[in-house]
Amino acid sequence: MGKRTQKTTILIVTPYFLPNIGGVQMYVYHITKGLYEKYKWRIVIVTTNSERKKQRVEVKNGIKIYSLPYLFKFSNTPVNPFWFFSLKQIIASENPHIICAHAPVPFFADIAAFACGKRKFILTYHTGRMNRSDSSTKNIIAHVYENYFLPIMAKKSSLIIAVSTYVKETVFNKFAEKTIVITPGVDTNMFVPGSKREEGRIIFVGSLNKAETYKNLSTLLNAIYMIKQRKKYMKLIVVGQGDNINTYKKLCKQLHIEDTVTFTGGLYGNDLIREYQRASLLVHPTLFESFALVLLEAMACKLPIVTTRVGGIPEVIDEGKSGLMVSPVTSRNLAKAILYMFDNPTHSSAMANRGYKMAQTLFTWNVQVNRTKDAIERLIQ
């Protein structure tokens with residue numbers, strides 16, 4: 001290994017990065033932004049792009065970004081066997097103190113683990129074990145990856161960062177001694193409470209893709225149908241986009257609630273924040289969740305929450321104190337929880353206040369940046 005520079009340099013390997021929007025992308029963005037701005041670390045990001053014959057190198061806001069082309073995609077996984085040689089060259093050129101890769105998108109992080117040579121390697125993992133309820137090709141590949149390839153990368157890692165205790169316990173129970181938890185955070189300077197909420201206005205934020213039906217919007221739509229029978233005014237705002245949107249719109253017509261439900265499409269930044277601020281309740285009826293960033297955003301906006309007792313959600317929601325969790329997840333149970341929040345505004349407001357304080361003290365990006373910095377420094381000292 002060559003002579004190290006005095007300034008701490010870390011190389012981040014992530015399959016996707018901004019302007020592509022997603023949970024992993026935002027995690028990488030906020031952590032690297034904080035390390036660069038607060039601690040003056042030198043940050044190099046290696047990601048992928050769709051320009052199949054061209055490697056792009058650029059500097060944005062002081063952070064150097066390499067975008068590598070891929071040959072093809074399988075599902076959401078870009079693939080290029082030549083990345084190994086590109087990563088070796090980049091690592092030799094940038095001479096980082098440590099290499100940090102993000103998964104579970106296979107292949108890119110796995111290659112980085114072997115391209116790093118003798119340098120220390122950190123794996124950050126963003127999901128629990130996939131719910132394999134069928135024998136589809138995608139689920140078979142997920143099973144093979146989680147049981148055979150992921151353990152190899154875990155053994156290679158000097159440190160594993162899980163985004164929730166749920167991820168640590170379900171995926172890395174055999175590597176618990178070198179696994180720590182650093183959750184996503186929320187920008188509490190952007191996500192702030194609004195001045196006026198609309199009574200009876202519910203918000204759902206999530207993907208509307210067929211591959212993510214576990215977000216469970218259909219159960220919420222059926223609950224809205226039940227609630228509409230007794231509540232005069234109610235509005236459901238569905239924030240999200242995806243290839244299953246027409247199915248949900250068709251269900252609204254079948255339930256005769258199309259006048260009650262508004263589909264906004266994908267919203268980001270101030271447009272999303274304004275919807276949180278206008279709403280009187282967030283409902284997140286998911287059936288699978290390693291860690292729900294949408295809950296932190298709602299908490300930072302002091303919004304009451306109804307969600308489900310699955311995955312990493314109990315690590316965020318203090319039952320009955322910062323929100324309500326439904327279990328088992330049925331339309332009837334969801335409707336009961338929603339009506340409770342509307343019928344008990346004092347308790348609902350108290351839970352929103354508790355959630356707001358938790359977001360401000362436990363889940364800011366500044367807290368997660370500090371924890372990441374401390375973990376990395378312990379490895380490279």
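Helix α10, covering residues 331–343, has 13 residues and reaches 18 Å from its first C-alpha to its last, close to the 18 Å expected at 1.5 Å a residue (the expected span is 1.5 Å times one less than the number of residues; helices are DSSP runs of H or I with at least four residues, strands are runs of E with at least two, and both are numbered from the N terminus). The model is predicted, so local features need pLDDT of at least 70 and side-chain atom pairs count only at pLDDT 80 or more, while totals for chains, interfaces and linings use all residues. Residues are numbered from 1 along each chain as its sequence is written, and side-chain values use heavy atoms, leaving out hydrogens and water.

Among the buried residues of α10 are Leu 334, Ile 338 and Phe 342 (buried means under 20% relative accessible area, with a 1.4 Å probe and protein chains only). Their cover includes β11, α6 and α11, with contact meaning heavy atoms within 4.5 Å.

Turning to the cysteines, the structure holds 0 disulfides (pairs of cysteine sulfur atoms within 2.5 Å). For Cys 100, the nearest cysteine sulfur, that of Cys 116, is 11 Å away. Cys 100 is buried, with a relative accessible area of 5%, and Cys 252 is buried at 1%.

The largest cavity holds about 130 Å³ of space. Of the 14 residues that line this cavity, those closest to its centre include Cys 100 and His 102 (lining residues have an atom within 4 Å of a point on a 1 Å grid over the protein atoms alone, where a 1.4 Å probe fits but cannot get out; the volume is the space filled by probe spheres set on points joined across faces, edges and corners). Helix α1 gives the largest share of the lining, 5 residues.

How values were computed: Buried < 20%, exposed > 50% of the residue type's maximum accessible area, 1.4 Å probe, protein only. 1 Å grid on protein atoms, 1.4 Å probe; cavity = no way out; pocket = protein on both sides within 12 Å on 5 of 7 lines; lining within 4 Å.
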